[in-house]
Amino acid sequence: MDPNAIKKAVGDGLLSFPVTHFDSENKFNEAAYRDHVNWLAGFDASALFAAGGTGEFFSLNPAEIPAVIRAAKAAAGKTPIISGTGYGTSLAIDIARAAEKAGADGLLLLPPYLMFAEQAGLVAHVKAVCQSVGIGVIVYNRDNAILSADSIAQLCDECPNLVGFKDGVGDVDRVIEITTKIGDRLVYVGGMPTHEVYAQAYFAAGVTTYSSAVFNFVPALSQRFYKALRAGDQKTVDQILKDFFFPFVALRNRKKGYAVSIIKAGLKVIGRDPGAVRAPLTDLTAEELSVLQSIVEANDQAKLAAE
């Protein structure tokens, strides 16, 4: 897909990151994954990010990523597929090229492995990955890869296929500086864990779309919340935050790594089990699964009452 086309698609609506399905031997379960992506594509996501953070990019062997991308493309219909890439520059380039060859419509560049670096080094890293492919790239600002507004401006000048900026830091002042300085040269994506609880602040900062992890198991609710947010329907926004997102986040925060684990658990709760998470992540306990089921069921009841 042309970089400008993927930029437009990302900015047109809600985004999501499919979990990656594993079988009982912890191997990629392609058939189950295809079924999941096909199901999600029916709920009007503007783009799906395959092998991203919620898709356990960090636990996938780089050789597995093209298979995940091919499966997603085969199942997603017209919904664009954006692949994760990352680690050190050389490996990120290899993954990016393999994903492009597998049919990815764009790339999400996750932070490089472990090291903290100066702005010049981060710029060189992003630039090298952008220049290695022809498809559009979205840079993920978080953890050890926090780019300044000046660095983003430089990359926009030097990398025509840099099309997006995703923020996972939560520093709204920095986001406002970037959106003000760069304008519509980029599409801006909210990327905080369970971003729905931050979405109103980000909308005010000029970030009008975000990636919804819970879209994996409550896609209709995710779209309902997003549309209410865009329409200024504060009553519906507040109701969904109180009934679903706040108790969900409280459960998510019980243990490290649950931002991913709880999404797979949500699918298990609704009868679409994607398999366990890979180490070093851990799955929810039976008690925690029961709490999550209660949260999902309470949302279903609230929806029926509203209708």
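This is a predicted model: local features need pLDDT of at least 70, side-chain atom pairs count only at pLDDT 80 or more; totals for chains, interfaces and linings use all residues.

Trainee: Let me begin with the helices: why is α2 called oblique to α3?

Mentor: Helix α2, residues 30-41, packs against helix α3, residues 65-75, at an angle of about 45°, with their axes 8 Å apart. Angles under 35 degrees count as roughly parallel and 65 to 115 as roughly perpendicular, so an angle of about 45° makes α2 oblique to α3.

Trainee: What makes the contact between Glu30 and Arg34 a salt bridge?

Mentor: The closest N and O atoms of Glu30 and Arg34 are 3.0 Å apart, and because the cut-off is a side-chain nitrogen of Lys or Arg within 4 Å of a carboxyl oxygen of Asp or Glu, the pair qualifies as a salt bridge. Both residues lie in helix α2, four residues apart, which is about one turn of the helix.

Trainee: Are Glu30 and Arg34 then buried or exposed, or something in between?

Mentor: Glu30 has a relative accessibility of 34%, and Arg34 has a relative accessible area of 34%. Buried means under 20% and exposed means over 50%, so Glu30 counts as partly exposed, and Arg34 is likewise partly exposed.

Trainee: Which parts of the chain does the salt bridge between Asp35 and Arg272 link?

Mentor: The closest N and O atoms of Asp35 and Arg272 are 2.9 Å apart. This pair links distant parts of the chain, with Asp35 in helix α2 and Arg272 in the loop between α11 (258-269) and α12 (286-306), 237 residues apart. Asp35, at 46% relative accessibility, counts as partly exposed, and Arg272, at 25%, also counts as partly exposed.

Trainee: How do you know that Lys27 and Glu25 form a salt bridge, and why is Glu25 called exposed?

Mentor: The closest N and O atoms of Lys27 and Glu25 are 3.7 Å apart, and the limit is within 4 Å, so the pair is counted as a salt bridge. Glu25 has 57% relative accessibility, and because exposed means over 50%, Glu25 counts as exposed. A search of the whole structure finds 14 salt bridges, and Arg254, Lys255, Glu287 and Glu288 are linked in a network of such bridges.

Trainee: What makes Ala51 and Thr194 buried?

Mentor: Buried means under 20% relative accessible area; Ala51 is at 0% and so counts as buried, and Thr194, at 10%, is therefore buried as well. Ala51, which lies in the loop between β2 (47-50) and α3, has a positive phi of about 55° although it is not a glycine. Thr194, in the loop between β7 (187-190) and α8 (199-204), has a positive phi near 45°.

Trainee: Finally, why is Tyr113 called exposed?

Mentor: Tyr113 has a relative accessible area of 58%, and since exposed means over 50%, Tyr113 is exposed. Its place is in the loop between β4 (106-109) and α5 (119-130), and together with Leu114 and Met115 it forms a nonpolar patch on the surface, with about 390 Å² of accessible area for the three together.

Definitions and conventions:
Residues are numbered from 1 along each chain as its sequence is written. Side-chain values use heavy atoms; hydrogens and water are left out. Patches are made of residues with over 30% relative accessible area and no salt bridge: like charges are joined within 9 Å, nonpolar side chains (Val, Leu, Ile, Met, Phe, Trp, Tyr) within 5 Å. Accessible areas come from the Shrake-Rupley method with a 1.4 Å probe; for residues, only the protein chains shown count as cover. Helices (H or I, at least four residues) and strands (E, at least two) are DSSP runs, numbered from the N terminus. Buried means under 20% relative accessible area, exposed over 50%, partly exposed in between (1.4 Å probe, protein chains only). Axes are lines fitted to C-alpha atoms, for helices over the stretch in contact, and angles run from 0 to 180 degrees between N-to-C directions. Angles under 35 degrees count as roughly parallel, over 145 as roughly antiparallel, 65 to 115 as roughly perpendicular and the rest as oblique.
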